[in-house]
Amino acid sequence: MLAQLFYVSKRSPKCSDEDIKKILEVSVANNAKKNITGVLLYSKEKFLQCIEGELNHLLALYDKIKLDKRHSEAIMLGLIPVKERNFPSWQMAGKSVDLNKVDFQLQMSAAEREEFADILSGKAKSAERVNKIIQLFFK
Ligand SMILES: Cc1cc2nc3c(=O)[nH]c(=O)nc-3n(C[C@H](O)[C@H](O)[C@H](O)COP(=O)(O)O)c2cc1C
């Protein structure tokens with residue numbers, strides 16, 4: 001069954017931009033083998049990731065990712081069955097986000113900005129809403 005999994009986590013202060021480059025490289029290689037696609041948003045403090053693929057592959061990957069020392073406190077925001085992928089052409093696309101500038105850069109409304117803050121703090125747990133907000137970054 002095709003599914004999407006969303007989570008937010010805390011980026012370790014030791015996780016450098018070079019580390020993120022490596023994460024993305026390994027992800028592209030590994031995810032291609034499992035037909036997993038998705039996106040990784042990262043700021044100085046947070047990660048927000050969407051992975052999509054076969055349900056059992058997603059759960060196995062999430063179990064592995066959770067153990068990674070380059071972040072902590074992963075909170076699953078949603079796990080939903082889907083008919084099609086949002087990011088079919090990306091094994092893993094990365095995008096850096098400056099949390100203080102998102103409303104300006106993406107012309108987010110005040111409500112969206114507030115919702116994004118709730119997502120990053122793990123409070124908002126609607127996969128549909130998380131999906132909408134993530135899409136804004138990859139328009
Ligand atoms: C925020 C974050 C996101 C990650 N996303 C992925 C991913 O999508 N796919 C992946 O294979 N590894 C991902 N990783 C890396 C895994 O935790 C792990 O280091 C890697 O899969 C190990 O690959 P290997 O078994 O080939 O050595 C991520 C790590 C972090 C910290």
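**Around the ligand**

Let's start with α1, which gives the most to the shell around the ligand, five residues (helices are DSSP runs of H or I with at least four residues, strands runs of E with at least two, numbered from the N terminus). The model is predicted, so to speak with caution built in: local features need pLDDT of at least 70, side-chain atom pairs count only at pLDDT 80 or more, and totals for chains, interfaces and linings use all residues. Residues are numbered from 1 along each chain as its sequence is written, and side-chain values use heavy atoms, with hydrogens and water left out.

In total, 15 residues surround the ligand, and the closest are Ser27, Asn30, Asn31, Lys64 and Asp68 (a residue is near if one of its heavy atoms lies within 4 Å). By class, that shell has seven nonpolar, five polar and three charged residues (Ala, Val, Leu, Ile, Met, Phe, Trp, Tyr, Cys and Pro are nonpolar, Asp, Glu, Lys and Arg charged, the others, Gly among them, polar).

Now for the atom pairs. A polar side-chain atom of Asn31 lies 2.9 Å from a ligand nitrogen, and one of Gln49 lies 3.1 Å from a ligand nitrogen. Arg70 has a polar side-chain atom 3.1 Å from a ligand oxygen.

Definitions and conventions. Polar contact = N/O pair within 3.5 Å; in protein donor to acceptor, adjacent residues only side chain to side chain.
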